[in-house]
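I opened this notebook to record what I looked up about how the parts of one structure meet. The entries are kept in the order in which I made them.

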Amino acid sequence: MLKVKNLTKKFGELIAVNDLSFEVKKGQVYGIAGPNGAGKSTVYNLITGNYSYEGKIEFDGHDITGLPPYRIAKRGIARTFQVPEIFPSLNVQETIRVGSRFGARGGLDLKHSDEIMNFVGLEEDRLQHTGLLNLLGKKKLMIGAALATKPKILMLDEPMAGSNASEIADLMVLIRNINQQLGVTIIIIEHFMKVLTELTETLLIIESGSMICCDKPEIVTNDPRVIESYLGDSYAEDK
Amino acid sequence: MFLEIIDVFISGLINGSVYALMAVGLTLVYGVTKAFNFAYGSFYNLGGYFAWILLIPLGVIGGYFSVFFIAIPFFFIVGYLLEKVLISPLRKYDDWEMKVMMLTLGLSLFMDFGYQAIFGPRIKSLPGIIEGTAQIGEVVLFQQDIVIFIFSISGMLCFGWVLNNTRTGMAVQAVAQNPAGAQIVGIPKDFIFAATFAISTIMVGFGGILLCQKNFVDPMGSTDIMIKAWVITAFGGMGSIRGSLYAAFILGILEAFVGWYFGMIHVQIATLTLLLVTLAIRPRGLMGRE
């Protein structure tokens, strides 16, 4: 469904992403992990058209290399950010409708927007201003606004960051439901290995913009290169 | 004495309403693009010359009604083309906001000297929109001032309506609040940037038409307007439309009282003092974000 071929991004002398290739299949939950500064979020920014790059990206059989972000969104790729802050002057319902109005093929779909609001569990907060939501609410809202664009792929950037155990459990259920009930392919960047091993079918580990390993989570987490460069010996011992 | 104070207050209110109309446009551009348009004052003058050309040499039928009617598409196209032709190509650079400021500063000088070359160095006067006075109790008002006030407030109400009730307006708000978030929900940022410039150019063009028919069209008058618009934008809080509205009226009234009591030569000093004191105490201005 999404084929990334020889993706390279340089910021001056710094090579943020280095000849990276991977493929995400339809219906998958695909994980990306790696140390801080490995280039994970940059990969997201490249796929969503925020930066120019070398290489090629195909989505749904079409070359989307070089398309601007809003056209990539229209094609069916949605994403969320690490910091969940969107449109502070709008309320929950309006924010989700913005996603539908501008991002969805066919324009504003009120019924779908309301369904999404219920799906992410924000129906009781629909008139609440986004700035007044708690962290979990803001995360759900950002996911809701992304889902309102009727995406085929949803790219989540560290959705568990700053969450407690019960919020993580809540978000994991939501992510699984988005994948299984809505049929949306998921790519997730995350530092919590437990989340990745439980949710994903394929896990890509990158360091300094390059791929270290890409396989099933149980294989990746036992790979000596991954343990050495990212997980550490203590993870292997705890395991 | 009391009547005089009322007169001064009303004069400040009227000037403040036009400043608000113009400063809100400048704030909008800054809020959305984070770049400052230093040619804004020159577009104010363009409004004055636009009205002068239509009314005096061309003698357009319908007078000011036709001027305002033609001004909307004219200034929209000018603003849109300005963004697409001159500003948009700069966006590929990392420090494009700084480059936009440099470019618009140069554009402002180009336009001001261009006005002198084309229209001559002398000021031009426009016919009043309306003549005569109106009396409310013991207070006598120029009908011209009443029309300016009504037009300015109407312009801001139209702007507010467009911002809150149209697809483009919602997109403008979304880009201003979160450019990255706006793009991921499918909002075309490039179009919104151009539309924002276009809307702000309409607002300053209208401000130019309204104030130049009360004052004059001065080819070098853009600096004064630019300083006022910049003071209002910074005083109100960079990017805050509501802050600009309050700041515009406060400055309009301050100007009127300082001019009346101390003389017009002290007006600019007073407004800049207010700005410096405000920024020293509250660097984000009246309503700017932290």
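**Entry 1: the model.** I note at the outset that this is a predicted model.

**Entry 2: where the chains meet.** I began with the contact between the chains. I found 17 residues of chain B in contact with 19 residues of chain A. I then looked up the size of this interface, which is often given as the accessible area lost when the parts come together. Between chain B and chain A, about 1700 Å² is buried, and carbon and sulfur atoms give 67% of that area.

**Entry 3: polar links between the chains.** How many salt bridges are there between chain B and chain A? I recorded zero salt bridges between chain B and chain A. For polar contact, I recorded one residue pair between chain B and chain A, with both residues at pLDDT 80 or more.

**Entry 4: the chain B side.** I next asked which elements of chain B supply the side that touches chain A. Helices α6 (167–177) and α7 (179–184) of chain B each supply at least two residues of that side. The largest share, six residues, comes from α6(B). Sorted by class, the side of chain B that touches chain A has nine nonpolar, six polar and two charged residues.

**Entry 5: the domains of chain A.** I turned to chain A by itself. Its domain assignment gives domain 1 (2–76 + 154–238) and domain 2 (87–150). The C-alpha centres of these two domains of chain A lie 24 Å apart. Their contact takes 21 residues from domain 1 of chain A and 14 residues from domain 2 of chain A. The area buried between the two domains of chain A is about 1300 Å², and carbon and sulfur atoms give 69% of it.

**Entry 6: polar links between the domains.** Five residue pairs are in polar contact between domain 1 and domain 2 of chain A, both residues of each pair being at pLDDT 80 or more.

**Entry 7: the domain 1 side.** Which elements of chain A each supply at least two residues of the side of domain 1 that touches domain 2? I listed α2 (69–75), β7 (153–157) and α6 (165–180) of chain A. The largest share of this side, six residues, comes from α6(A). By class, the side of domain 1 of chain A that touches domain 2 has 11 nonpolar, five polar and five charged residues.

Methods
Residues are numbered from 1 along each chain as its sequence is written. Chains are lettered from A and ligands numbered from 1 in the order in which they are written. This is a predicted model: local features need pLDDT of at least 70, side-chain atom pairs count only at pLDDT 80 or more; totals for chains, interfaces and linings use all residues. Side-chain values use heavy atoms; hydrogens and water are left out. Contact means heavy atoms within 4.5 Å. Buried area is the accessible area (1.4 Å probe) that two parts lose on being put together, summed over both. A salt bridge is a side-chain nitrogen of Lys or Arg within 4 Å of a carboxyl oxygen of Asp or Glu. A polar contact is a pair of N or O atoms within 3.5 Å; within protein, one must be able to donate a hydrogen and the other to accept it, and residues adjacent in sequence count only if both atoms are side-chain atoms. Helices (H or I, at least four residues) and strands (E, at least two) are DSSP runs, numbered from the N terminus. Ala, Val, Leu, Ile, Met, Phe, Trp, Tyr, Cys and Pro count as nonpolar, Asp, Glu, Lys and Arg as charged, and the others, Gly among them, as polar. Domain bounds come from an automatic or database domain assignment.
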